[in-house]
Amino acid sequence: MSDKATIEIKGKTYEFPIIEGTENEVAIDIKNLRSSTEGVITLDPGYKNTGSCESAITFLDGEKGILRYRGYSIEELAEKANFLEVAFLLIFGELPTKEQLEKFHADIKAQSVVDEDVRKIVDAFPKSAHPMGVIASLTSALTAFNPSSVNVNSEEDMYKAIVKILGKFPVLVAWTFRKKNGLPLDYGDKNLGYVENILKMMFKQPNEDYLFNPIVINALDKLLILHADHEQNCSTSTVRIAGSSHVGLFASLSTGISALWGPLHGGANQAVLEMLEAIKEDGGDTEKYMAKAKDKEDPFRLMGFGHRVYKNFDPRAKIIKKAADEILNDLGVEDPILNIAKALEQEALKDPYFVDRKLYPNVDFYSGIIYRAMGIPTDMFTVMFALGRLPGWIAQWREMRLNNEPIGRPRQIYVGETLRSFKTIDKR
Ligand code: ACO
C-alpha cells in the first residue's frame, strides 16, 4: 500500500501521509490539511470516519467482534481477571504483580473517605432525582473538596488523583443509592475486596449483617470488567475533550458521566429494561414491537440493539447473555423478561431489516436483566455502568495528558446568514 493519500481539491493535488496502527488499521493523517490547502477541512458529523487520537489502551474490530484491553481479549479477562486487576491494566498498561495489586488496593482504600460535607450535598437532592444526575454532580463536587490541580508531569500526583477517585466514587454511588432508598449513609469496610465492598456499601441494612453472595459478587465483577473501556465512545471522547482543556480529572470524569447517561449510550441499559417491561405489560407480543422498530414513521427503536462500531456481534453481549442464563439459574430467579429478550433477539437475527443494517444486541441488551436479578433497581443501571467505565475514562484521560494532546476543538462549515445590517427594533 502507498504510504501517501492523494486528494484533489479544485484542480490542485495534495498528498497526505498514511499511518497504520499495530492492528493494521489505516488512517489518512490530515493534521496539515487546513494549512496546506488554504482552509479546507473535513466534515464528519458524529465522527463516523474520524480518529481523534492514537491510543494504546483498547482495540476493537467491529467487523470481527474483537475487543481487547491492552492486548488481552475481553473473553479471557472476563473469565480470569478481577475488576481491580483490569483497572490497573487499563490505566498503567500492564497486569499488576501481586505486590502492585495489593498496594493499588491499599492506596485506594486509604482514599475511600469522602468529606462529611459531601453528605449535605447528597441530602439536598430530592429522592426523585435521577441517580445519574446526582452522581455526575457529586463527582464534580469532589473538585471543591480536593481543589489542588493534578500536576500531570508528576506520575506521583497523577497516581494520587487516580486512587482518590477510585476510592471515593464507589462511596458516592452507594450514597446516591442509599439516599434514594432512605437508608443511612455509611462508609465501606477496609477488609473487603473492591467489588464486595461496593455491594455491602449499597445494600447493608442498618439493623442486620450483610450476607455476601459469591454469585452476585462474581456477576458484578464480570459486568464491571465488560464495561471497563471501549475506546473512543461518546462518554470517553467527552472525558478526553474536556480534559484537553487541562481541567482536572474529577471535572473531566463528571462530563463523561453526563454523556453516558443518554439512552443512545449507557442509558440504554435502563431503556432496555423499561422496554422489555412495557412489552411484557402489553401481552408479550414481540412481533408487534419488531414492526414498530422497523416502521420509519414510529420513533420506537429496539433499545439494546445496534452499535456504531460492532457490525457483526458485540463480544460483550455474547458473554453477558451466557452469564445472564447462569446467574439467574444460580440465584433461582425466573424472570419472564429474559424470554422476551431472547425472542426479540431470535426474531431480529432472521429479520432482513436488522440483518441488512447489521443490528445485533449490544452490551446493554442483557446486562439489565442481570442487574435486576442482583436486586439493583432500574434507575441505578447506568450508574453501575459508570462504576465499570471509571478506569477506562481514567486511562484515556491519563493517556491524553501524557501524550500532551492539543485542546480538542473541531471546526465547522458555516451555513447561516451572510453579513447583514442591524435593524433597530422599531424597523423589524
Ligand atoms: N432499532 C431500530 N432501528 C435501528 C436501531 C434500533 N435499535 N439502531 C439503528 N437502527 C437503524 C437506523 O434507523 C438506521 O436505519 P436507516 O439506515 O434505514 O436510516 C440504521 O439502523 C443505522 O442506524 P444509525 O442510527 O445511523 O447508526 P449509528 O451508528 O448512528 O447509531 C446506535 C448506533 C446509537 C447505538 C443505534 O443503533 C441505536 O440508537 N441503538 C439503540 C440504543 C442503544 O442500544 N444504545 C446503546 C449502544 S451501546 C453503548 O453505548 C454502551
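1. Where is the place of Thr236? In this model, which is predicted, Thr236 lies in helix 10, the helix that covers residues 234-243. Its relative accessible area is 0%, and because buried means under 20%, Thr236 counts as buried. Leaving aside residues up to four places away in sequence, Thr236 touches Glu231, Arg389, Trp393 and Gln396.

2. A separate point concerns the sheet, which is open and is formed by three strands in the order 1-2-3, with antiparallel pairing. Strand 1 (4-9) and strand 3 (26-28) stand at the edges, and since each has a single partner strand, one side of each is left without a neighbour in the sheet. From one strand to the next, the twist averages 30 degrees. As background, the strands of a sheet pair through backbone hydrogen bonds, in either a parallel or an antiparallel sense.

3. Glu20 has Val26 as its bridge partner in strand 3.

4. The remaining point is the packing of helix 14 (residues 315-331) with helix 17 (residues 363-373), whose axes are 8 Å apart and meet at an angle of about 20 degrees. Angles under 35 degrees count as roughly parallel, and the two helices are therefore roughly parallel to each other. The crossing of helix 14 and helix 17 is left-handed.

5. Which residues of helix 14 meet helix 17? On the helix 14 side they are Arg316, Ala317, Ile320, Lys321, Ala323, Ala324, Ile327, Leu328 and Leu331, and the residues they meet in helix 17 are Val363, Tyr366, Ser367, Ile369, Ile370 and Ala373. Sorted by class, this contact of helix 14 with helix 17 has twelve nonpolar residues, one polar residue and two charged residues.

Note on methods:
Residues are numbered from 1 along each chain as its sequence is written. This is a predicted model: local features need pLDDT of at least 70, side-chain atom pairs count only at pLDDT 80 or more; totals for chains, interfaces and linings use all residues. Side-chain values use heavy atoms; hydrogens and water are left out. Two strands pair if DSSP finds at least two bridges between them. Helices (H or I, at least four residues) and strands (E, at least two) are DSSP runs, numbered from the N terminus. Axes are lines fitted to C-alpha atoms, for helices over the stretch in contact, and angles run from 0 to 180 degrees between N-to-C directions. Angles under 35 degrees count as roughly parallel, over 145 as roughly antiparallel, 65 to 115 as roughly perpendicular and the rest as oblique. A crossing is left-handed if the near helix is turned anticlockwise from the far one by less than a right angle, and right-handed if clockwise. Contact means heavy atoms within 4.5 Å. Ala, Val, Leu, Ile, Met, Phe, Trp, Tyr, Cys and Pro count as nonpolar, Asp, Glu, Lys and Arg as charged, and the others, Gly among them, as polar. Buried means under 20% relative accessible area, exposed over 50%, partly exposed in between (1.4 Å probe, protein chains only).
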